[in-house]
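Please find below my notes on the model.

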Amino acid sequence: MSDFSKFSTNQLQNSLNVIRSQNINGATQEFGNLLKEEIEKRNIDKSKEYFHSLIKRKVAQTSVGSSALRNQGAKGIIEISRNYFENEIDLKEFKQQLYSDNFKEYLDDNTIKLRNLFPENGQSWGAARKGLNLFLRDVIYNHYLREDLNINSDSIKHLKKLEVPLDKDVAKGLLQEKENKSLKRWKSIKSLDQITSDKYQNIAYTVAERKGILRVHLDLEYWRKVKQ
């Protein structure tokens, strides 16, 4: 089987044009068919890549709603977050880190990088972490991105590493769960630090295990929970 990896698509197309112009038959014609197949495959792959880039942009620009990071002490935090997710987060690296033993470090690193982009009077670790977790959750919720990343039902042990986006509603829900033995009263996203976040996430993990769901899904249960 021919290896075309060292050649650009334009080079392959030029070679195919030469074969067609000379109307060559036999083995050379068969080689031309291989060239045609490779070019068509590359064009399809390029089209898919472009489509997935549009999907990623959509998710990046909508995962953090207008009220998700309000009252953080500075303007522009939502726009900065959205642009960071679109331009700085490589989803293939995300998948690689999710499947590794270093995913927590990956989250921490991106949280700090995003926080440092915020205006000086709004550099909230909690806001950066919530925004990041909202984006990664919506990546997982998107059929096309998940399919492109080949994250399927066999990936449960890795998906358990995803965090629930923390806010007042989620904190209130966790504080009311029987697994809560040590959580302190929730203050705000703005004042949330890494140590407090880890405590909430650990309780969330235990609660999710009992409920038979992923920790990241708890947001669906706690968000604007209807009183029964």
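1. Phenylalanine 103 and tyrosine 106 are both buried, where buried means under 20% relative accessible area, exposed over 50% and partly exposed in between, with a 1.4 Å probe and protein chains only. Their rings form a stacked aromatic pair, with 5.8 Å centre to centre and 25 degrees between the planes. Rings of Phe, Tyr and Trp (its six-membered ring) pair if their centres lie within 6.5 Å; planes under 30 degrees apart count as stacked, over 60 as edge-to-face and the rest as tilted. Phenylalanine 103 and tyrosine 106 are about one helical turn apart because they sit three residues apart in helix H5 (residues 103-117).

2. This is a predicted model, in which local features need pLDDT of at least 70 and side-chain atom pairs count only at pLDDT 80 or more, while totals for chains, interfaces and linings use all residues. Residues are numbered from 1 along each chain as its sequence is written, and side-chain values use heavy atoms, leaving out hydrogens and water.

3. H5 has 15 residues and spans 22 Å from first to last C-alpha, close to the 21 Å expected at 1.5 Å a residue; the expected span is 1.5 Å times one less than the number of residues. Its buried residues are Phe103, Tyr106, Leu107, Asp108, Asn110, Thr111 and Leu114. The cover over these buried residues includes helix H3 (77-87), helix H4 (91-98), helix H6 (125-141) and H10.

4. Tryptophan 186 and tyrosine 200 form an edge-to-face pair, at 5.6 Å centre to centre and 90 degrees between the planes. This pair links distant parts of the chain, 14 residues apart: tryptophan 186 is in the loop between helix H9 (168-175) and helix H10 (194-211), and tyrosine 200 is in helix H10. Both residues are buried.

5. The structure holds six aromatic pairs. Tyr84, Phe85 and Phe135 form one aromatic cluster. Lysine 95 lies over the face of tyrosine 99, 4.7 Å from the ring centre; the criterion is NZ of Lys or CZ of Arg within 6 Å of the ring centre and within 35 degrees of the ring normal.

6. The chain has 11 helices and zero strands; helices (H or I, at least four residues) and strands (E, at least two) are DSSP runs, numbered from the N terminus. Buried residues make up 41% of the 228 residues. Of the contacts (heavy atoms within 4.5 Å) with a separation of 6 or more, 66% are between residues 24 or more positions apart.
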